[in-house]
Amino acid sequence: MSVNVNESTNRPTNDASEMLVEIRDAVKYFPIKQGVVVKREIGRVHAVEGVSLSVRRGETLGLVGETGCGKSTLARCVTRLHSLTSGQILFEGQDITDLSRSRVRPYRRRMQMIFQDPYGSLNPRRRVGSIIGDPFAIHGEGDRDERKPKVQELMELVGLNPEHYNRFPAEFSGGQRQRIGVARALALKPSLIVADEPVSALDVSIQAQIINLLDDLQQEFGLTYLFISHDLSVVRHVSDRIAVMYLGQVVELADSEELHNRPRHPYTNALLSAASVADPDQAAARQRIVLTGDVPSPVAPPTGCRFHPRCPKAQAICVQEQPPLVARAGDPDTHLTACHFPVEPGEDLTRVTATIPEEERAE
Amino acid sequence: MSADETVAASLTETATGSTAAPAVIPAGAIEGRSPWQLAWFILRKDRAAMISLGFIVFIALVAITAPLLAHWIGYGPTDQDRTNGITVDGLPVAPNSQHLFGTDNLGRDILVRTIYGTQVSLLVGVASTLLAVAMGVLVGLAAGYFGSVVDSVLSRAMDVVLSFPFLLFAIALVSIYGSGLGISVFVIAFFTWAAVGRIVRGQTLSIREKDYIEAARSLGAGDMRIMFVDVLPNVLAPVIVYTTLLIPIAIVFESTLSFLGLGVVPPTPTWGNMLSDSLDFYQVAWWFPLFPGLALLLTTLAFNLLGDGVRDALDPRAGRLSQD
């Protein structure tokens, strides 16, 4: 096995300006409380556990994983909507992890979010013009009259009719509403946009429009995206690099094409085999890896490798030891996998069986 | 025609319009129909509510023009008509051409006194309701938005207020501070704000979890801005409904206080103290309690019917108002 170090440390420091965001050992627990008057903590949801990632300036980093794997929580930690339990978030080299609300405000201008639900993320009682103008109002840029042309310019930029300035969100379709969300995120010319499943709630035909819009805007303004989705085909299309998350941890990180051509983690393999394929002949011909069981509860995650109770290749060591996220033998430096027994190219996962005794499988 | 072409067409239209014909609607002039406007469209079709609204406007006009009306009728609210307003036995006079609603036991014209009573009733009803709603909205927003300790303290305070016996407290306060218009407004507001507070708190709790609140937070909006710009417009619908239903309650409260001699001081006429005065005479003078009582009944009925109409118009569960 080749000697490799953690991704956050293997880059020389003079490279730091290239890194827009660095997440170091991010941990986020949500306490579960019980009691009417005096609330006792009776458990913790391990939403994010020890994630180290970095987003380079100008790239799109895709974050995939199934529902509840902590990808949205991680995104909200990056934008400081949640505070981390431990770990660090660096934005343009500055540690913003523990900044107070007023100190973090200047950074809010430079990182914006696009939300999943275009119906829920726009205030139904406010006019579109004032929703898109909100960033200007909050950061004290111009009075109402000065903001209006800026807002209409933004509306045109995202493909909305600027004459609809005075309309209400209810008068727009889902795709148009998501354009409103994009316009709001763009208003202050941020360097980072965290897109939390921006197309998941949309019709497939509309998804392409929004993705193309995001793509165009990235080229025009040199934006950096942290793009979250559970749809691998969408992520593959937009991302330069992809991080796969499972139960609060990154299990595989690689360039987009590399990940699709040579997925090393068994979970990534299973995910890829489940992604929809447009061609029915191909869809019928492919081998689907069907995982057994459900995702374990994040309140009491499994020991060792978190994927071992469902992994077709699991062995005794997987129960005891957590595999580090490093480049595995034969992989380029940029392809990191957290697995003791990475999948070899050509290996058929549907034919292997785990070799750990049933009683050792921690559920 | 595709959407883009429509945009382009309308853009060129406005571009040429601004140079050639200034009469063309400028860009940005398309009005959206707000949820409030939609509610108004529904309310306008509710006949009972619109009749009630008409009646409320009517009594409001009556209250404002009371001195004019009194001058026109010929008697002031406290003028005693010793020649035609009282019988030789010292009893009230029945309705006749000179006193359309009759007179009371002191020979005062009941029509004029009922008209003047409108002033007190509306003033106390509206003022105390506005005070109560303002307090309830502030406390409810704070409790619902901040949660945890703030919520516990404010919610318990509301529970305490709601468990107070209204009349006992009113009698105690009036015996200390004396009766009057101001104290009536305060007492009524004090006993009604907590109900508004509870409604606002409940709504705020659910609005707080919406995505658009998180969006505002990620833009860097402060608590005050989120509470008043983002949360408040969304909790306003039930508040408006409750306000219209609270006004008649406050009017009845004021009449109760006046009836018991705890409200506005005589001889200023209110519906409550007129009813109280009529207690000894209602067996011989049916008109004495009838007209102030009828005024009270019709006014509260109108506000209640309007409140029902407003609730139907604003209720998202009725499915007539688009609400996400």
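## Where the two chains meet

In this predicted model, 28 residues of chain B are in contact with 33 residues of chain A; contact here means C-beta atoms, placed from the backbone, within 7 Å. On chain B, α1 (3-19), α9 (211-219) and α10 (223-259) each supply at least two residues of the side that touches chain A. The largest share of that side comes from α9(B), with eight residues. Helices (H or I, at least four residues) and strands (E, at least two) are DSSP runs, numbered from the N terminus.

For the record, Ala, Val, Leu, Ile, Met, Phe, Trp, Tyr, Cys and Pro count as nonpolar, Asp, Glu, Lys and Arg as charged, and the others, Gly among them, as polar.

## How to read the model

Residues are numbered from 1 along each chain as its sequence is written, while chains are lettered from A and ligands numbered from 1 in the order in which they are written. As this is a predicted model, local features need pLDDT of at least 70, side-chain atom pairs count only at pLDDT 80 or more, and totals for chains, interfaces and linings use all residues.

## Helices of chain B

Now for chain B away from chain A. Helix α5 (residues 110-146) of chain B packs with helix α8 (residues 181-207) of chain B at an angle of about 35°, their axes 5 Å apart. Axes are lines fitted to C-alpha atoms, for helices over the stretch in contact, and angles run from 0 to 180 degrees between N-to-C directions. The residues in the contact of α5(B) with α8(B) are 21 nonpolar, eight polar and two charged.

The unreviewed UniProt entry places "transmembrane region" features on chain B, among them residues 158-177 and 235-264; such annotations may be inferred rather than shown by experiment. Residues 158-177 of chain B are 85% helix and 0% strand, with end C-alpha atoms 24 Å apart. For residues 235-264 of chain B, the figures are 83% helix and 0% strand, with the end C-alpha atoms 34 Å apart.

## A sheet in chain A

Over in chain A, four strands make an open antiparallel sheet in the order β2-β1-β4-β5; strands pair if DSSP finds at least two bridges between them. β2 (40-56) and β5 of chain A are at the edges with a single partner strand each, so one side of each has no neighbour in the sheet. Helix α1 (residues 71-78) of chain A packs on this sheet and touches β1, β2 and β4 of chain A.

Five bridges join β1 (residues 19-34) to β4 (residues 86-91) of chain A, and A:Ile23 stands opposite A:Ile89 in β4(A). β4(A) is also joined to β5 (residues 94-95) of chain A, by two bridges, with A:Phe91 opposite A:Gln94. These two strands, β4(A) and β5(A), form a hairpin with two residues between them, and A:Glu92 in the turn has a positive phi of about 50°.

## A look at A:Gln249

A:Gln249 sits in strand β10 (residues 249-255) of chain A. Is A:Gln249 buried or exposed? A:Gln249 is buried, with 22 other C-beta atoms within 10 Å; the cut-offs are 20 or more for buried, 12 or fewer for exposed, and partly exposed in between. Leaving aside neighbours within four places in sequence, A:Gln249 is in contact with A:Glu49, A:Gly50, A:Val51, A:Arg306 and A:Ala338.

Definitions and conventions. Two residues are in contact if their C-beta atoms, placed from the backbone, lie within 7 Å.
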